Amino acid sequence: MDRRDALAKMFSAKGVRVNTNRGEAYYEKLRETMEKRLNELRQTPAATKMDIHKALDAEGLSRRDFMKWASAITAMLMLPASFTPLVAEAAELMNRVPVIWIELQDCAGNSEAILRSDSPTIDELILETIDLEFNETLMAAAGHQAEAHLDEAMETFKGKYICVVEGSVPIGAGKEWCTIGAKAETFEEHLLRVAGNSAAVVAVGTCATFGGVPAASPNPTGAVGVQDIVKGKPIINIPACPANPANITGTIIHFVLTGQIPELDHLNRPKFAFGYRIHDNCERRAHFDAGEFVEEWGDEGAQNNWCLYKMGCKGPMTFNNCSIVRYNSGTNWPIGAGHGCIGCSEPQFWDKYAYERPMADANIKAPTGGVEKSVDEFGLGLLTAAGVGIAIHAAVSVAAGKKDEE
Amino acid sequence: MKPGYKKVKRMTAFMRINHWVVAICMVAAVVTGLYIGHPYYQTLIAEPAVDKYVMAWNRWVHLMAAIIFDVSSIIIAYLYFFSRFEKPILKILPTPKNVVEFFMVFLNLITFNRVKKFDSSHADSFNTVYFLIFHLLLAWMLFSGLQLYVHGLESGHSSIGDWWPAVLHLATDWTVPFTGGTYMDVRYWHHMSMYFIIVWVMFHIYYQVWRTIYWQEGDIAIVFGGSKFVKKD
Ligand code: HEM
Ligand code: SF4
C-alpha cells in the first residue's frame, strides 16, 4: 500500500465506500473460501424439501431468469461477474441454512413485504426456501408445541443458525406489557436467549435496528434496537420500513457464501445496500438542481414529476438503495410514485425525518424545550430579542449616556 | 489629524481585507443557505432546462462562500498564535489583567460610558473574547457544513482525489453524535447556528458604532483605514 492509500484508509474508517477493485489475489482467496464453505454446506442434509428449483418451477420461472437474478445479486454484492455461478450455487444451498425468525414489537411488515406479493420475485422465493426453523407468522405450530420446536431448533443448530429479528425491544417502564409464551418471557429475555446461541443476528426493518416507530417520542415502552441489547455477536442491520427483500437476500447469501458478515457502515448496515444516498441516484434530481419543486399535491409540478423536496423529501439525508433497486421487482419506489422519501432507514426517522415539509419548516421542540416551533420561527424570535435589547441600550445611551469630551 | 490626538494602528491591511471578505461571504451564505433550507422563490419560469440551475447555483454560491471561510479560518487560527502584529491569544488567556480588563470594558458598556477605566487605544479583552465567540461559531458552521457536504461524496471519490472525503469524514463525523445522532440533527443545528451568527453580527455592528459615537476615537475607521485616534496624554 502506498502512503496515500494508507492515509485514506486511516481516515475513511467511517465512509460508506466499498472498494470493488482489490486485485486478483484477493478475489482468488475469496473464491477459495466460498468454494470450501459451499462444499461443507452441500455435505449437510437439506432441512426442507423445498429448494429453489422447485420454487422456480412452481412460479413458471426459467433457469435463465434465475441466472439473470444471480448476476444481479453478484453485482449488488460488488463481486466480479465471474462469481455468478457461486452465487447461484449458494442460492441452491439456502435450504441448508437454518434461520430462526423472531418477532418483537413489530407489525410483521417485513415478513409481509417478502411474502405477500402476488407474483413473488426470485428474492422472495429464495427466502421461502431457506430453512426457516421458526417464524410465528408462518408456522403451523402454536403454544407449547411452538415453544418446544424453538428449543429443539436452538439445540440442534447451536452456533449455526441465523437469528433474524423483526421489531423493537421494549426495555423501559412498560416492558412487562410485552411477553411471549406461557412463562411470560419478556421480549428482551426472549431475544437474548435466541440470539445467544446463534451464529449471527440480522435485525430486519427499522424497529429492530434503531427502535423505529415504537421508539418514536415519547417512546412509552422504552423501545430500543437489537444492537442496544445483544452484545458479542455479529449484528447486521437492514433497516427501512419495510426492509427491502433484495437487501435481506443479499445479506443472507453473503453469509451463506463466506460465513462472514458483509462490510458494514457505522450503523452496522451492509455497505453494498446502504452506501448510496437516495438524493444522488434519484430520477428527480435534475429538477432539484433546476429549482423546480412540487409545491402542493397534484399541482403543475407534481404532474411534471418535479422534485419533492418542498413536500418534505428527505432523500438528501437518507442512505439506502431504494432509488436503484426499488421495490417489488423494481416496479416502483416512493419517490417514483410521487411521495417524498421519509428517511425510513435512518435512526430516529419517525421524529426527525418523517414530516411532510422541509426540515426548516417543521415544528420541532425548541432548544429551550418549550413550544414546538420551526427553526426559522425560533431564529426570528432570537433576532427580535437581540434587536429589542440593542434598541433599549441605544435609547438609554442617548438619554443617559456620556460622550467622551473631544 | 486633530491637534492633541495621535493615530494608533489597529488592523493590518490583511486583517481588513479578511474582514470584508468574511462579511460578504456571510451575507452570501445566509441568503443562499436560507434558499437551500426552504427554496423561497418560485421557479415556474418559462425557461427550458438549458441554463436553469437555480438550486445548483445557490448551492454553488453557498459552498464557494464556505471554502473561502475555510481558508480564512485557517489563517485566522494561525494568527491567533503567531501574528506578528497582535496575537489575539494574549488577550484571551484568563490572566488577572485580562479578566479585569474584560469586566471594565463590560462595565463601560452597561454604564453607557459613564465609567471608563481602561486603555481604549489598543485591542481590549472584551472585544477579543467577543471575536473568539464568532470564530468558534464560524468553525462550527464549517464542521457541520462540511459534514452535510460529505454526504454527497458517498462514493469516496472527489474531483480532487479520494483523500478529500476521507479527511472530511475524519474531521466532521463527530458532529453527528454531538448534535443528537442523526444527519438531520446536524442539519438542524447548522441552520439554527446561522441565527446565533446573525445575532452576533447585529451586536457587533451596533457596538462598533456605539464605541465610535461615545468614545469619540473614530473606532469605526479601524476596519477601513486600519487605525483609530486617541488623545495624547
Ligand atoms: C457561516 C455561514 C453559514 C451559514 C449562515 C449557513 C447557512 C445554511 C443554512 C440556513 C442551510 C440550510 C439548512 C436547512 O434548513 O436545511 C445550509 C445548508 C448547507 N450548508 Fe451552510 N451555512 C454556512 C456555512 C457553511 C459552510 C462553511 C459549509 C461547508 C461546506 C456549509 C455547507 C452547507 C451544506 C452542504 C448545506 C446543505 C446543502 C444541501 O444539502 O444541498 N455551510 N447552510
Ligand atoms: S425528490 Fe428527494 S431525493 Fe429526489 S432530488 Fe428531490 S429531494 Fe432529492
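This is a predicted model: local features need pLDDT of at least 70, side-chain atom pairs count only at pLDDT 80 or more; totals for chains, interfaces and linings use all residues.
## Polar contacts and the A–B interface

Across the interface of chain A and chain B there are 25 residue pairs in polar contact, both partners being at pLDDT 80 or more. On the chain A side, α1, α13 (285–290), β10 (364–365) and α17 (375–400) each supply at least two of the residues that touch chain B. Helix α17(A) gives the most, with 16 residues. By type, the residues on this side of chain A divide into 31 nonpolar, 12 polar and 21 charged.

In terms of extent, 64 residues of chain A are in contact with 60 residues of chain B. The area buried between the two chains is about 5,500 Å², and carbon and sulfur atoms give 62% of that area.

## Salt bridges between the chains

Side chains of opposite charge can pair when their charged atoms come close. Between chain A and chain B the count is 2 salt bridges.

## Salt bridges within the chains

Over all chains, the structure holds 22 salt bridges. In chain B, B:R211 pairs with B:D124, and their closest N and O atoms are 2.9 Å apart. B:R211 sits in helix α8 (residues 183–215) of chain B, while B:D124 is in the loop between α4 (96–110) and α5 (125–150) of chain B, so the pair ties together parts that are 87 residues apart in sequence. B:R211 counts as buried because its relative accessible area is 1%, and B:D124 is likewise buried at 2%. Salt bridges that share partners also join A:D404, B:K116, B:E217, B:D219 and B:K228 into one network.

The side chains of A:E295 and A:K310 meet in a salt bridge at 3.1 Å, N to O. A:E295 lies in the loop between α13 and α14 (300–303) of chain A and A:K310 in the loop between α14 and α15 (322–325) of chain A, so this pair links parts that are 15 residues apart in sequence. Here A:E295 is partly exposed, with a relative accessible area of 32%, whereas A:K310 is buried at 15%. A:D280 and A:R285 form another salt bridge, with their closest N and O atoms 3.0 Å apart. A:D280 counts as partly exposed at 28% relative accessibility, while A:R285 counts as buried at 18%.

## A buried aspartate in a loop

A:D265 is found in the loop between α11 (245–258) and α12 (271–274) of chain A. With a relative accessible area of 5%, A:D265 is under the 20% cut-off and therefore counts as buried. Leaving aside neighbours within four places in sequence, A:D265 is in contact with A:V16, A:K271 and A:F274.

Chain A has 17 helices and 11 strands, and its C-alpha trace spans about 100 × 50 × 50 Å along the principal axes. Of the 406 residues in chain A, 50% are buried. Among contacts in chain A with a separation of 6 or more, 73% come from residues 24 or more positions apart.

The average pLDDT of chain A is 87, and 93% of the residues score at least 70.

Key:
Residues are numbered from 1 along each chain as its sequence is written. Chains are lettered from A and ligands numbered from 1 in the order in which they are written. Side-chain values use heavy atoms; hydrogens and water are left out. pLDDT is the predictor's confidence in each residue, from 0 to 100. Contact means heavy atoms within 4.5 Å. Buried area is the accessible area (1.4 Å probe) that two parts lose on being put together, summed over both. A salt bridge is a side-chain nitrogen of Lys or Arg within 4 Å of a carboxyl oxygen of Asp or Glu. A polar contact is a pair of N or O atoms within 3.5 Å; within protein, one must be able to donate a hydrogen and the other to accept it, and residues adjacent in sequence count only if both atoms are side-chain atoms. Helices (H or I, at least four residues) and strands (E, at least two) are DSSP runs, numbered from the N terminus. Ala, Val, Leu, Ile, Met, Phe, Trp, Tyr, Cys and Pro count as nonpolar, Asp, Glu, Lys and Arg as charged, and the others, Gly among them, as polar. Buried means under 20% relative accessible area, exposed over 50%, partly exposed in between (1.4 Å probe, protein chains only).
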